[in-house]
Amino acid sequence: MNPITRLLPRVAAPWALLLLTILFTAPSLCLSQQAPPLRVAIVGLEHGHVSGFLAALPQHPDVQLVGIADADPALFAQYQKRFSLPETLIFKSEANMIERTHPQAVLVYTSIAEHRDAIEIAAQYGISVMVEKPLTISLADALAIRETARHYKIHVLVNYETTWYASNKAAYDDVEQGRLGPIRRVVVHDGHEGPKEIGVGPEFLGWLTDPAQNGAGALYDFGCYGVDLMTWLMHGETPLTVTAVVTHDKPEIYPKVDDDSTIVLTYPHAQAVIMGSWNWPFARKDMEVYGATGYAITVGPDKVRLRLQHEHEEQLTTAPPLEGPQQNSLSYLAAVLRGQLEPKGDLTALDTNVIVMQILDAARESARTGRTVKLTRIGE
C-alpha cells in the first residue's frame, strides 16, 4: 500500500485533503515561480559583436531571441546559415518587429551613430535598450538619450567586454578596500592589430572607418574602454582636463580616421593615460592602477599582478569569479529589467556613460585642435 494511503485513516479528512494538495502541487508551484525567459530582440547586424551574442545564446535558456530587425536580407542570410536562425525572426524595421514580437529589451548592433535612433524608437514602446560600446558619437546625442530614457522611464545600458573581466573588478576592490591607497595614476591599454588586419566583415569595417558613423577611429573604438574604467574608478567624477593625441600610422588602410590614440585625463590628485590603438602587435585589454601605497595590474580577464608598499616582489593572483548578474551582459540585463539590480554608477550604467561621452567628445576636440580641453560637471 502507498505510504500516503496508509497515513490517511489516521488524519482527519480535511487535513488529509490539504496534505494531498501540498504533496502533489508543490512541484508545479516551484515551476510556476520560475521567471519566464527574458524576451530580447536585435536591431542591426552591422556590428560584428552580434556574433558573440548569438554564440552565447544557447548557454542562456533564461533568454529568448524573438526578432531581428535589419533591412539587408543578404546579411541576415549570412547569420541565418551560421547560427541556424529561423526565417520568422527577421523584420525589416525595428518598429514593426517590436509591435509583432513584444520584446522586453532591444539589443543594438548597428553603427554607433545609429544608437540614438534605435533607442528613441524602442523608448516609444517603453522598451529598454542595451547598446554596444560606446553609448553614441557625441555628448549632444548622449544628453538626448538620457532625456529620452527619463521621459519614457526605460533603461539604457552600454555593453563593454571589459565590464565582465574579473581582473578589473579585483583591481577596483583593491582600491575600494584601501589596499592601494588613493589613486594617483591609471594607465589603460586596449586594442588590436587593426579591424582590417584581423578580418572583420565588410559591413563592420565600412562604418568603423567612417568618422560620421563611428565618431572617430581607434580613439572611440578603443579609447572608450579606458575612459569607462577610469570614470568607474573615480565614482563618476568629471576630470579637470582632457588632452588627446591621435596618429595615422596606416593612412593607406585607414585614410579617414585615426588608428592610434592617447588620452590624458587630469583630476585634482590623479591622472589617467588611456591608449586605444589599431596598431598593437596583438590584441590586448589591460589596466594598471597605481595608488599611494601599491599597484594592481590586470592581466587578461582574470589575473592581477599586485604589489603593496613594503613588499619586495609583486604577486600574480587569480581574481575571484564575478558573481550572479555581474558575470555577463545578458545576466546583468535580466537582473536590471526584473528590478534585482539598479544600474547606477557602474561600468554599464547610463549615468557613467554620459560622462564617458563628455570625455570622448572633448578628446576628439582636443585631437582636432591640438589643445587641452577643460571640463565642468554636466547637469544631472
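Y172 counts as buried, at 13% relative accessibility, where buried means under 20% relative accessible area with a 1.4 Å probe and protein chains only. W232 is buried too, with a relative accessible area of 8%. The model is predicted, so local features need pLDDT of at least 70 and side-chain atom pairs count only at pLDDT 80 or more, while totals for chains, interfaces and linings use all residues. Residues are numbered from 1 along each chain as its sequence is written, and side-chain values use heavy atoms, without hydrogens and water.

A pair of aromatic rings is described by the distance of the centres and the angle of the planes. Rings of Phe, Tyr and Trp (its six-membered ring) pair if their centres lie within 6.5 Å; planes under 30 degrees apart count as stacked, over 60 as edge-to-face and the rest as tilted. The count by this rule is nine aromatic pairs. The pair of Y172 and W232 is stacked, because the ring centres are 4.1 Å apart and the planes lie at 5 degrees. This pair links distant parts of the chain, with Y172 in helix α8 (residues 166-176) and W232 in helix α12 (residues 223-233), 60 residues apart. Helices here are DSSP runs of H or I with at least four residues, strands are runs of E with at least two, and both are numbered from the N terminus.

Y254 and W278 are both buried. Their rings have centres 4.8 Å apart and planes at 55 degrees, so the pair is tilted. Y254 lies in the loop between β8 (241-247) and β9 (260-266), and W278 in the loop between β10 (271-277) and β11 (284-291).

Y160, F222 and Y225 form one aromatic cluster.

Key: Buried means under 20% relative accessible area, exposed over 50%, partly exposed in between (1.4 Å probe, protein chains only).
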